Each structure stands twice: as structure tokens, then as C-alpha cells.
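Hi everyone, thanks for coming. I'd like to walk you through a structure today, so let's get it up on the screen.

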Amino acid sequence: MLIKKGSGIKSSLITSQKQYLKRRQFIKYSLAAVGSLVLDKSQLFAETSESEYAKLPNIIPSSYSTNDKTNSWEHITTYNNFYEFGTSKEDPAENAHSLNPKPWKISIEGHCKNPGEYDVDDLVKNNQLEERVYRLRCVEAWSMVIPWVGIPLKTVLDRAEPTSKAQFVEFVTLLEPKQMQGQNSSVLQWPYLEGLRMDEAMNPLTILAVGLYGRVLPSQNGAPIRLVVPWKYGFKSIKSIVRIRFVEKMPVNTWNVSAPAEYGFYANVNPGVDHPRWSQKKERRLGSFSKKETLLFNGYAEQVGHMYTDLDLKKWF
Ligand SMILES: Nc1nc2c(c(=O)[nH]1)N[C@H]1C(S)=C(S)[C@@H](COP(=O)(O)O)O[C@H]1N2
Ligand SMILES: [Mo]
């Protein structure tokens, strides 16, 4: 995610992926050169290896998965946008250890007959977990392929029995500056908020993710539970959710409040509608230096296109 120039954010925010990887590599090589006597690489980058995360039980593969080559655990867990932990891509991996994702309750409320509070551990135990390998396309024009573990959002929403007044769903991230140091800065309005139209929330592609690569979610990726909406720009995938609310009116979303001309409510991936400051026609897949054509709805047009046949996608970007 980028912010308008002049908003007082350090330029590292707009470090390109290439520069970022070069810098990391440079540090790694310099470290190798000094013989790594004092620090080890993982201390320096707060890189937590995959094996430190608990395996999730009983995961079945999903027919919605893409065959694209997945990004590595390292890429997925060290190149993140999570402004609650800083504005640079490497900040969340370094800072998110201050989050305490266990125990964690998520409440489902608003226009529904059966509101409730769920413990995330119970959600994980009581639902069939699926592996969903999805492309994630960030609005900044980079992309990744991530093997999420999750449950369809619809499964959870249906149990709440939403009423006919429920036209949209609002999502809220934890507000806890003691655990999320970035919330002491006013770089965004806190808590981070997102929203979906009811049919988007109920679409079978939309999941609540609780893991990746078969293991519990690292905090920098939104532990313990985050949204994944693969046909929309990455910023719709709100992390560390504490509340889901059925509402009548289109909810506020944080990036739209921050820069309404740049980030809309729908945020459907669309190569035909440029961001005001850059093209959305192509993307750079993290880990490869060549560019790919960006596909309408991030390649999921067949599954989701029907929801937007009556919508002017230029107006409702
Ligand atoms: N609460 C919260 N959720 C968030 C963000 C954030 O800053 N705060 N960043 C978003 C953006 S811009 C992207 S691209 C994705 C990145 O998810 P990942 O780090 O798991 O790849 O998270 C989204 N969810
Ligand atoms: Mo993003």
C-alpha cells in the first residue's frame, strides 16, 4: 500500500521489491563476511522458521486452488503490509511478535438472529480446514501466490442467520496500541476497517484464513484470523480480526478514508482501471523479476464476474 507524497512518511515505504531484496541480500552477505560470530541471521531479521509454527490438523485441498508456483515461506512472512507494525515491508516480521494471538475471540454481530462470540481455537477445531492456494495482488502492483489454510467465510456467517437488513459486512482489526506499536502513530485511522457486500462475503472464494503452508498464521500475516478475498487488491484482506458485523449501509474502509481518490470500496483487481498514480496493467510476481499481465478480478473472473455485471467498474473502483 502506498500513501500520497507529502504525508510525512519515510521513503522506505516506496522501496521497490528489487531494492528491498538487494538490501536484504547485501545485509546477509555482509553478515556472512563478518563470520556471523555475534548475531545469527534469524536474530537480525526476526525471521522465524516455518518449523516453529504448529501444524494444523485435517486440511483438505480445495478445487479453488491455482496451480501457480507458490512463493516461499520466507517471502510470504517477511514481505508484508501490516501498518499496525510499521510502514516498511520488513517491519511486520520484526515487530509483530508483540501481538498475542491466543486466546482470541471474534464476535459476529449486527443484523442477524444468532449473534455470538467465537474462540478462534474452537472455530479451527469445529470446521473443515481447506488449503486454498490463491494469488494475492497488491494495489502496489506486486503479487504473490500463497497456500492459505482457512474456512469459507460463508460457513461462519450462515450460522449467525443474517436478516434481510444485512446488506454489507464490516470487519474490524484489533485496537490495542500496547500490542500494535504502529497504532501509536496516525499514519492511518485505527482500528483498521474493511467491508464487503453481502454477496461478496458469501462467495465461495472468500475465506477466513487461519494458517499458511499447513501451519498456524504468523502474526505478521494477520494471526490468528484474517480475511482473504482473492479477486480484490490485497488491502481488502484485513488482518487480526476481532469483529464481524452485518450492516445495512456500505461500511467505511480504512484506505478509502485515507486516500479516497486512490482506494475505493470495491477494490476489484482490474487492469483496465489504473490507480491515479500508476498503471495496474502489469504486476511483478515476488521472487521473479519479470512482469506478468494483471488479469481482471485477478484471474477469478469466471467465479466472481457475475456479481458485477450491473456495476460501472470505473466509477466503483
Ligand atoms: N489490519 C491490517 N490488515 C491489512 C493491512 C494492514 O495494514 N492492516 N494491509 C493490507 C495490505 S495492503 C495487504 S497487500 C495485505 C498483505 O497481506 P500479507 O502480508 O499476508 O501478504 O494485508 C492487508 N491487510
Ligand atoms: Mo496491499
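First, some housekeeping. This is a predicted model, so to speak of local features we need pLDDT of at least 70, and side-chain atom pairs count only at pLDDT 80 or more, while totals for chains, interfaces and linings use all residues. Residues are numbered from 1 along each chain as its sequence is written, chains are lettered from A and ligands numbered from 1 in the order in which they are written, and side-chain values use heavy atoms, with hydrogens and water left out.

Let's start with the sheet. Five strands make an open sheet with mixed pairing, in the order β3-β2-β11-β6-β7. At the edges are β3 (116-119) and β7 (193-197), each of which pairs on one side only. From one strand to the next, the twist averages 20°. Angles here run from 0 to 180 degrees between N-to-C directions, with axes as lines fitted to C-alpha atoms, for helices over the stretch in contact. On the terms: strands (E, at least two residues) and helices (H or I, at least four) are DSSP runs, numbered from the N terminus, and two strands pair if DSSP finds at least two bridges between them. Strand β2, residues 105-110, runs antiparallel to β3, and four bridges join them. Ile108 stands opposite Gly116 in β3.

Now to two residues. Thr173 sits in strand β6, residues 168-173. Is Thr173 buried or exposed? Thr173 is buried, because its relative accessible area is 2%; buried means under 20%, exposed over 50%, and partly exposed in between, with a 1.4 Å probe and protein chains only. Leaving aside neighbours within four places in sequence, the contacts of Thr173 include Glu84, Met180, Tyr192 and Lys239, where contact means heavy atoms within 4.5 Å.

Glu84 is our other residue, and it is found in the loop between α3 (73-78) and α4 (91-95). Glu84 also counts as buried, at 2% relative accessibility. Not counting residues up to four places away in sequence, Glu84 touches Thr173, Met180, Gln181, Gly182, Gln183, Trp190 and Tyr192. Glu84 and Gln220 are 136 residues apart in sequence, yet 9.6 Å apart in space, C-alpha to C-alpha.

On to the empty spaces. Rolling a probe the size of a water molecule over the atoms shows where empty space is left. On a 1 Å grid over the protein atoms alone, a cavity is a set of points where a 1.4 Å probe fits but cannot get out; a pocket is an open set with protein on both sides within 12 Å along at least five of seven lines; and lining residues have an atom within 4 Å of a point. Points are joined across faces, edges and corners, and a volume is the space filled by probe spheres set on them.

The largest pocket holds about 600 Å³. Its lining has 28 residues, and Pro101, Lys102, Val216, Leu217 and Pro224 are the closest to its centre. Helix α5 (residues 120-126) gives the most to that lining, four residues.

How many cavities of 30 Å³ or more does the search find? Four, across the whole structure. The largest cavity has a volume of about 320 Å³. Among its 25 lining residues, Asn81, Arg226, Gly234, Ser237 and Lys239 lie nearest the centre. The second largest cavity holds about 50 Å³, and its lining includes Tyr134, Trp148, Gly234 and Ser237.
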